[in-house]
Amino acid sequence: MIDFKLAALRKKMGLTQQELGEVLNVSYQTISKWETGATSPDLSMLPHISAYFGVSVDALLGLTPLEEAYKPSDSGTVEYWDHRLEYLLRTRKSMWNQDYMRFLIRDVWSIREPVTVLDCGCGYGALGLMMMPLLPSGSRYVGIDFSRNMIQAAEQYYRHSGIDAAFILSDITSFQPKEKYSLVISQALLRHVDDGEALLRKMVGFVEKGGLLVSLECNREFEANGLYINGMDYMDLCRHEGLKNLWQTELEKQNRDYSIAMKIPHYMKAAGLKNVSCRMNDRVTFLEPEQPDYRELLDSVIKADHWSDEKTDREIQEDIGYFMNHGMSRKEAEDYCRQMNGIVRYLKQHADSVSLTQTRGIMISYGWK
């Protein structure tokens with residue numbers, strides 16, 4: 001099987017057997033024997049060959065197509081979010097300074113009268129739990145999410161909160177509201193869906209005349225540069241060339257835009273909203289061992305970013321296959337896995353002395369209808 005695949009890959013790149021032999025540090029006669037099936041490469045050579053051509057070992061061996069069909073990201077599916085409650089609980093705690101949300105409500109958006117809030121993709125209702133005590137008395141909160149597990153968790157959290165709240169189990173992309181809302185808001189929603197611009201336009205339709213639309217989205221470029229762990233190489237932590245290729249592939253193949261945070265104000269303007277503007281969330285996590293809640297915060301960071309355990313060789317190979325399917329070269333995928341395992345290893349080795357700075361780069365876009 002490998003003879004045909006190797007020849008096809010070599011010819012596709014316009015290489016002679018001599019040139020490929022020089023790359024792999026073998027003779028052209030060896031390349032010829034591999035391609036004719038007279039001999040086969042040593043198993044240790046396969047990762048090097050696949051890395052050079054940017055295909056998986058399975059594809060090189062003919063076990064999967066050379067150009068494997070794109071496998072869409074599932075982070076916009078019910079199945080994905082049904083099991084992400086702990087992730088939301090961990091991450092939402094470190095996303096906001098409450099005084100900054102108070103500033104937005106009172107001084108930026110100038111909300112003086114009671115409002116009806118629709119939280120699109122509400123999860124367990126974290127935004128409402130933070131915002132509602134800051135809004136004028138008499139305000140009402142409605143959360144909508146397509147995950148039954150999230151809605152059930154939200155109902156539990158709000159049961160004794162004293163907040164006037166209701167929850168709707170529905171996919172926001174097909175939701176047909178029975179009323180208009182004076183404040184429609186979403187957090188980390190548009191980056192996870194296909195065609196976020198279309199969903200934003202749909203959300204505009206939920207807003208009553210004179211009402212406010214707010215979108216809170218993380219810019220992945222900011223986030224990828226937003227981690228410093230004292231004692232580790234910041235430049236290495238920030239290296240994400242492979243992620244850029246992954247984001248570009250997902251945009252081209254799936255219309256999933258991880259840079260949508262930068263574009264939302266323009267989409268709002270094009271949708272007819274007025275006085276459109278944009279701000280940055282001011283929350284930055286600074287963690288060091290002398291803080292009284294050090295253990296809890298460190299545990300939240302570790303679990304939120306999936307740094308609890310190093311990946312096994314099998315898990316790494318599965319991840320590499322996924323990353324390559326989404327546009328990374330094998331080297332980029334291997335480097336990214338090495339980077340993640342390196343963080344896990346460092347955090348475990350220095351569990352009592354970790355000091356870090358982390359920011360998510362959340363952009364706050366808003367406009368009035």
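The model is predicted, so local features need pLDDT of at least 70 and side-chain atom pairs count only at pLDDT 80 or more, while totals for chains, interfaces and linings use all residues. Residues are numbered from 1 along each chain as its sequence is written, and side-chain values use heavy atoms, with hydrogens and water left out.

The protein has 18 helices and 10 strands. Helices (H or I, at least four residues) and strands (E, at least two) are DSSP runs, numbered from the N terminus. The C-alpha trace spans about 80 × 50 × 35 Å along its principal axes. Of the 369 residues in the protein, 49% are buried. Here buried means under 20% relative accessible area, exposed means over 50%, and partly exposed lies in between (1.4 Å probe, protein chains only). Among the contacts in the protein with a separation of 6 or more, 76% are between residues 24 or more positions apart; a contact means heavy atoms within 4.5 Å.

The structure holds 13 aromatic pairs. Rings of Phe, Tyr and Trp (its six-membered ring) pair if their centres lie within 6.5 Å; planes under 30 degrees apart count as stacked, over 60 as edge-to-face and the rest as tilted. One of the pairs is formed by Tyr 124 and Tyr 157, which are tilted, with 5.3 Å centre to centre and 45 degrees between the planes. This pair links distant parts of the chain, 33 residues apart: Tyr 124 is in the loop between strand E1 (116–120) and helix H9 (126–131), and Tyr 157 is in helix H10 (residues 148–158). Tyr 124 counts as buried because its relative accessibility is 7%, whereas Tyr 157 is partly exposed, with a relative accessible area of 41%. Tyr 141 and Phe 167 form an edge-to-face pair, with 5.9 Å centre to centre and 70 degrees between the planes. That pair also links distant parts of the chain, 26 residues apart, with Tyr 141 in strand E2 (residues 140–145) and Phe 167 in strand E3 (residues 165–169). Both Tyr 141 and Phe 167 are buried.

Tyr 80, Trp 81 and Tyr 87 form one aromatic cluster. The charged end of Arg 84 sits over the ring of Trp 81, 5.9 Å from the ring centre. Arg 84 also lies over the face of Tyr 87, at 4.2 Å from the ring centre. A charge sits over a ring if NZ of Lys or CZ of Arg is within 6 Å of the ring centre and within 35 degrees of the ring normal.

In helix H16 (residues 294–304), the buried residues include Tyr 294, Leu 298, Ser 300, Val 301, Ile 302 and Ala 304. Their cover includes helix H7 (85–92), strand E8 (285–287), helix H18 (330–349) and strand E9 (356–358). After H16 comes His 306, whose phi is positive, near 60 degrees. Thr 285 belongs to strand E8 and is buried, with a relative accessible area of 8%. Apart from neighbours within four places in sequence, Thr 285 is in contact with Ser 94, Leu 356, Thr 357 and Gln 358.

Val 204, in helix H11 (residues 196–204), is buried, with a relative accessible area of 8%. Leaving aside neighbours within four places in sequence, Val 204 is in contact with Leu 213, Ala 271, Leu 273 and Lys 369. By contrast, Asp 313 in helix H17 (residues 313–325) is exposed, with a relative accessible area of 64%.
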